[in-house]
Amino acid sequence: MRSLRGMQSFEGKVAVVTGGGRGIGGSIAKALAARGAKVAVVSRSASSCGATAEAINAEFPEMAKAYAVDVADHEAVAALGKQIVSDFGTVDILVNNAGVTRDGLLMRMKEEDWMTVLDTNLKGAFNTVKAFMRPIMKSDGGRIINIASVIGLMGNAGQANYAASKAGLIGFSKSVARELAGRAVTCNAIAPGFIATDMTDALPENVKSEIQAKIPLGSFGSVEDVTNLVVFLAGPGARYITGQVIAVDGGMTMH
Ligand SMILES: NC(=O)c1ccc[n+]([C@@H]2O[C@H](COP(=O)([O-])OP(=O)(O)OC[C@H]3O[C@@H](n4cnc5c(N)ncnc54)[C@H](OP(=O)(O)O)[C@@H]3O)[C@@H](O)[C@H]2O)c1
């Protein structure tokens, strides 16, 4: 028996985490499973979601299953919805975390770079909410948590596509929150600042130090910093919080 003493318990809950193969999503999937949730780990490649599910099952047998699906593919996500409900019986918590960047100044940005980012980061969330909203609406304590970004609040030179996708995701989250509030389903967006993952590792060292200098708390965040908020928002303690955008950014954005 896993010890849940002092921890939020998700015993009996089923969570879907997109982009769960690595980085922030991998951490979220593991944290929810460690607290008793069964977790459907979704990512683009079978190897990454498979590795997360394997790591979870090694510690907590039969708590995770891996699904290699492109969240931008509407039909594939609709089929995924049916598959996961058939495998787990229901879905209570959806974490839309899958995301990509294709950075470049507008002068050089290709249509394909725009479409890939919008299709994955924004349409991907539309696809999954459509696929899972029915079981989530039936859940006692349904939760949708969308991982946006501070870039969706502030904009950023070289990230027009990414900023638009994340700002869109914030508007989408507020609309979902309003539509599903009558069923006591909450929907919130988290806006991480700069978190140490493969995504930010790709940045040149001089850019990393420039960014770091602008963070009041003085360093990049960790995946756990974001995961801690997801765990709280997914639990019963957050039942009266919906339609919010909460930054986890070391103080980069202050309103
Ligand atoms: N890191 C940051 O500083 C930061 C800051 C603000 C917001 N965020 C957001 O947080 C989320 C996670 O970021 P991260 O840094 O953990 O990213 P990451 O390390 O690059 O991991 C991204 C994950 O998303 C999956 N993914 C990408 N495209 C997908 C698609 N079309 N269909 C299904 N899965 C897909 C990847 O699958 P594979 O493993 O198969 O490639 C991977 O598991 C993203 O939405 C990102 O925009 C990150």
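## Exercises on helix packing and sheet order

The crossing of α4 and α6 is right-handed. The exercises below concern a predicted model.

**Exercise 1.** Determine how α4 and helix α6 are oriented to each other, and describe their contact.

*Solution.* 
Step 1. The axes of α4 and α6 (residues 160-180) come within 8 Å, with a crossing angle of roughly 15°.
Step 2. Angles under 35 degrees count as roughly parallel. α4 and α6 are therefore roughly parallel to each other.
Step 3. On the α4 side, the contact involves Asp-113, Trp-114, Val-117, Leu-118, Asn-121, Leu-122, Ala-125, Phe-126, Val-129, Met-133 and Met-137. On the α6 side, the residues include Tyr-162, Leu-169, Phe-172, Val-176 and Leu-180.
Step 4. Sorted by class, this contact of α4 with α6 has 16 nonpolar, four polar and two charged residues.

**Exercise 2.** Carry out the analysis for helix α3 and helix α4: what are the orientation, the handedness and the residue classes of the contact?

*Solution.* 
Step 1. Helix α3 spans residues 74-88 and helix α4 spans residues 111-138; their axes come within 8 Å and cross at roughly 30°.
Step 2. With the limit for roughly parallel set at angles under 35 degrees, α3 and α4 are therefore roughly parallel to each other.
Step 3. The crossing of these two helices, α3 and α4, is right-handed.
Step 4. His-74, Val-77, Ala-78, Leu-80, Gly-81, Ile-84 and Val-85 form the α3 side, while Phe-126, Asn-127, Thr-128, Ala-131, Phe-132 and Pro-135 form the α4 side.
Step 5. The contact of α3 with α4 holds nine nonpolar, four polar and no charged residues.

**Exercise 3.** Describe how α1 packs against α2.

*Solution.* 
Step 1. The axes of helix α1 (residues 23-34) and α2 come within 10 Å and cross at roughly 25°. That angle makes α1 roughly parallel to α2.
Step 2. α1 passes α2 in a right-handed crossing.
Step 3. Gly-26, Ala-29, Lys-30 and Ala-33 of α1 meet Thr-52, Ala-55 and Ile-56 of α2.
Step 4. The contact of α1 with α2 divides into four nonpolar, two polar and one charged residue.

**Exercise 4.** State the strand order of the sheet, identify its edges and give its average twist.

*Solution.* 
Step 1. The sheet is open, has seven strands in the order β3-β2-β1-β4-β5-β6-β7, and is paired in parallel.
Step 2. β3 and β7 (245-248) are the edge strands, since each pairs on one side only.
Step 3. From one strand to the next, the twist averages 20°.

Note on methods: Residues numbered from 1 in each chain as written. Predicted model: local features only at pLDDT ≥ 70, side-chain atom pairs only at ≥ 80, totals over all residues. Heavy atoms only, no water. Axes fitted to C-alpha atoms, helices over the stretch in contact; angles between N-to-C directions. Helix = DSSP H or I, 4+ residues; strand = E, 2+ residues; numbered from the N terminus. Parallel < 35°, antiparallel > 145°, perpendicular 65-115°, else oblique. Left-handed = near helix turned anticlockwise from the far one by under 90°. Contact = heavy atoms within 4.5 Å. Nonpolar A, V, L, I, M, F, W, Y, C, P; charged D, E, K, R; others polar. Pairing = 2+ DSSP bridges.
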